[in-house]
Amino acid sequence: MARVSIDPVTRIEGHLRIDVQVDGGSIRDAWACCTMWRGIERIIVGRDPSEAWFFAQRFCGVCTTVHATASVRAVEDALKLEIPPNAQFIRNLILIHHALHDHVVHFYHLSALDWVDIMTIPKADVVKAASTAQSLSDWTRNSRQEMKSAQDKVIGVAKSGQLGLFANGYWGHPAMRLSPEVNLVAFAHYLQALEFQRKANQVVAIFGGKTPHIQNLTVGGVANAINLDSLATLNTDRLYWIKSLIDEVVPFIHQVYFPDVCVVAGSYPEWFAYGSGVKNYLAVPDLPRDSRASSYDLPGGVLMDAGSSVAGFKTAADQPFRDAVTEDLTHAWYKGNEAQHPWKGTTEAEFTDFQEKGKYTWVKAPRYGGKPMQVGPVANILVGYHSGHALTRKWTDLALDRISSVAGRRITVNDLQSTMGRHVARAIRAAMLAELATEHWTALLNNINRGDAATHNPPQFPRGEIEGVGTHEAPRGTLSHWVVVDRGVVKNYQAVVPTTWNASPRDKDGHPGPYEASLVGNPVANAEAPLEVLRTVHSFDPCMACACHTFDAAGRPIAQMKIL
Amino acid sequence: VSHRVLVAGLGNVLMGDDAIGPYCARHLMAHYQFPPQVEVADLGTPGLDLALHLSAVDVVLLIDALRGIEQDTIAVYDRAALCDGRHLTRLDTHSLAVAESIFIARLAGDRPFDVRLIGLAGVSFEHGTRLSPKVRARIPSLIQAVLAELTARNVRWTRRARPLPLNAWWE
């Protein structure tokens with residue numbers, strides 16, 4: 001039995017530590033530990049609730065817009081404030097493009113290197129790679145020249161000896177199995193992805209002002225003025241500029257990202273058997289279609305014990321959701337042991353060092369009706385699929401057909417409950433969101449053309465105490481912000497973020513969180529190079545970023561001065 | 001010179017002196033004017049998304065808080081110092097994101113070709129929305145160090161006769 005500690009598991013941010021016990025090439029037990037204090041929401045207590053989102057947006061530099069949105073929705077929920085349809089559509093378009101950007105980064109830049117062996121690329125046959133790529137879709141940039149130029153980049157990097165990002169890959173690991181040609185195709189798309197992320201990001205920027213911090217939200221709607229003929233507002237030119245960007249982003253998702261994930265997934269079918277972990281799923285509905293948020297384009301609900309009957313709630317405002325969420329502190333470095341509802345939640349540090357049977361992480365243990373839940377794209381897709389949501393079914397069935405034909409055996413919707421299933425579910429979700437981008441753009445334009453230019457309903461704060469919850473089905477899963485406002489001032493504020501659900505420690509009953517449970521039974525061929533652990537943990541897209549970001553002055557400066 | 005230049009403040013404004021970068025970026029916007037090819041931005045803590053901002057420009061000056069260096073120190077790092085040996089070797093992740101972002105941006109489009117990080121030692125990185133007094137007193141020196149890097153690249157900046165209000169809204 002070997003005990004292995006793995007520190008920089010998150011390639012975005014390095015505050016996650018995973019401890020695993022390995023026995024006979026397989027993991028027996030696992031512990032997820034976040035090494036960074038996470039009580040940042042306390043900074044909002046005592047402030048004006050209308051400004052809370054500005055601070056919430058700074059919790060994490062990767063998830064700025066999602067925290068901003070959940071925050072304004074929480075205050076609107078407390079006030080029972082409806083927001084104009086234009087504001088819903090504008091917010092939805094921002095959220096869709098943020099998610100598209102985020103999913104593409106996750107696959108190509110944060111996790112592809114767990115599956116794609118870059119160092120085989122110099123051996124790839126360029127002609128064969130191009131024809132493989134062309135067989136996957138009609139994408140216009142799968143030519144021999146594109147493949148050759150991508151291959152030359154790898155050769156150049158290898159020759160220079162400056163491997164940079166590629167210095168730490170597990171190249172040549174026995175668990176790497178794609179052909180050099182498929183590796184080359186994936187890498188060519190890795191390079192192209194940056195360009196398309198920038199276009200998705202530009203949509204966010206046109207609506208929201210500069211990225212990464214959008215400026216256009218406000219409690220009650222958005223601050224964008226709409227006048228189709230004015231130069232200073234959201235006008236016809238800007239709307240069609242956005243449309244032209246959507247028209248460039250959508251093909252990248254449908255013709256590049258989606259087919260690439262299907263090929264990688266079909267080439268590693270054994271990874272549909274590992275990494276399921278917690279099989280209770282939670283997703284909140286999102287992309288509201290009207291001002292009261294009574295109907296949504298993405299359904300929500302809960303699925304328990306890998307079942308197929310969706311229960312829970314239809315809208316995020318429904319009572320079951322509001323009542324069911326608690327956070328258990330038994331194994332987290334905070335004072336107290338009992339499960340707390342977020343409106344009554346406390347965040348007082350009690351650091352004890354890593355104690356396997358005691359407290360061992362800064363992450364609280366969120367529970368739904370007392371049960372651990374997995375959140376994220378798999379929850380999203382399973383909830384949609386089992387509630388008969390047509391768009392989810394269409395893209396899921398398409399993905400499963402493609403994967404099955406590569407794998408040479410049938411991969412089913414149940415197989416999505418796995419390490420590889422998370423990548424596939426994310427690609428399905430992206431394909432759906434890409435389709436919805438055009439729909440929401442059209443809905444916005446139609447609404448404006450009907451003569452509706454409203455974007456904002458002003459909030460009014462009552463004298464007494466009010467409570468609200470704002471939810472968003474974010475790229476990493478269900479996000480909820482919980483606010484208590486007393487006489488117009490924030491009295492309590494808790495953010496229950498997707499990574500908290502998934503990186504949750506054990507609770508008072510000893511039930512592990514999704515990361516921990518997903519690692520049990522996971523293979524580990526070589527404990528010194530635990531690639532398989534990274535595959536499973538990365539599949540969740542961990543983001544521990546709600547933290548500090550100084551530059552560690554370890555490198556040698558070219559100039560240094562002491563200020564006297 | 002028509003090189004596109006990005007001057008970007010990095011850091012979390014909710015974490016005390018980690019706000020050095022954003023604060024300086026906003027100080028530059030309020031007190032100075034720059035030619036159109038120069039963009040000054042408060043980018044917060046963008047992780048790997050930094051690559052998107054880097055890949056659109058030729059020259060990048062990052063302003064950041066430093067730790068692991070003596071107080072009252074300003075230091076300037078070049079691309080080699082930012083990138084060498086910094087890939088997945090440590091828990092410190094922001095530096096990791098800077099190195100990875102530069103690597104990806106250059107791999108995809110050969111930009112940016114000129115990168116500097118200009119940093120000032122922070123004192124306290126506890127939760128809070130104010131710079132420590134000692135750091136605040138050193139901000140003018142850090143601003144001068146950033147302007148000197150611009151001057152060295154023939155970027156003509158001017159001081160605003162009437163400064164705009166400094167929008168450090170988190171304070």
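Author: **The core and its surroundings**

The largest nonpolar core has 216 residues, and those with the most contacts inside it are Phe166(A), Phe187(A), Val424(A) and Val7(B). A nonpolar core here is a set of buried Ala, Val, Leu, Ile, Met, Phe, Trp, Tyr and Cys residues joined through side-chain atoms within 4.5 Å. Buried means under 20% relative accessible area, exposed means over 50%, and partly exposed lies in between (1.4 Å probe, protein chains only). Helix α11 (residues 419–449) of chain A gives the most to this core, with 17 residues. Helices (H or I, at least four residues) and strands (E, at least two) are DSSP runs, numbered from the N terminus.

This is a predicted model, in which local features need pLDDT of at least 70 and side-chain atom pairs count only at pLDDT 80 or more, while totals for chains, interfaces and linings use all residues. Residues are numbered from 1 along each chain as its sequence is written, chains are lettered from A and ligands numbered from 1 in the order in which they are written, and side-chain values use heavy atoms, with hydrogens and water left out.

Take Phe166(A). Leaving aside residues up to four places away in sequence, Phe166(A) touches Leu113(A), Ile118(A), Met119(A), Val157(A), Trp171(A), Phe187(A), Tyr190(A), Phe103(B) and Leu107(B). Contact means heavy atoms within 4.5 Å. Another core lies apart from the largest one. That core has 22 residues, among them Ala8(B), Leu43(B), Tyr77(B) and Cys83(B).

Next, a buried threonine. Thr396(A) sits in helix α10 (residues 390–407) of chain A. Its relative accessible area is 0%, so Thr396(A) is buried. Beyond four places in sequence, Thr396(A) touches Ile381(A), Tyr385(A), Val413(A), Leu416(A) and Ile428(A).

Cysteines come next. A disulfide is a pair of cysteine sulfur atoms within 2.5 Å. By this rule there are 0 disulfides over all chains. Cys60(A) is buried, at 1% relative accessibility. The closest cysteine sulfur to that of Cys60(A) is in Cys63(A), at 3.3 Å, too far for a bond. Cys33(A) is also buried, at 2%. For Cys33(A), the closest cysteine sulfur is in Cys34(A), at 6.9 Å, again too far for a bond.

Now a sheet. Chain A has an open sheet of 3 strands in the order β12-β13-β14, with antiparallel pairing. β12 (465–474) and β14 (489–496) stand at the edges with a single partner strand each, so one side of each has no neighbour in the sheet. The twist averages 15° from one strand to the next. Two strands pair if DSSP finds at least two bridges between them. β13 (residues 477–486) and β14 of chain A pair over 7 bridges. In β14(A), Tyr493(A) is the bridge partner of Val483(A). Helix α2 (residues 64–79) of chain A lies across β12, β13 and β14 of chain A, at about 145° to β12(A). Axes are lines fitted to C-alpha atoms, for helices over the stretch in contact, and angles run from 0 to 180 degrees between N-to-C directions.

Last, the backbone. A cis peptide bond joins Thr211(A) and Pro212(A), with omega about 5°. Pro212(A) lies in the loop between α6 (180–208) and β4 (217–218) of chain A. In chain B, the peptide bond from Arg111(B) to Pro112(B) is cis, with omega near -5°. Asp72(B) is not a glycine, yet has a positive phi of about 65°. Asp72(B) is buried, with a relative accessible area of 12%.
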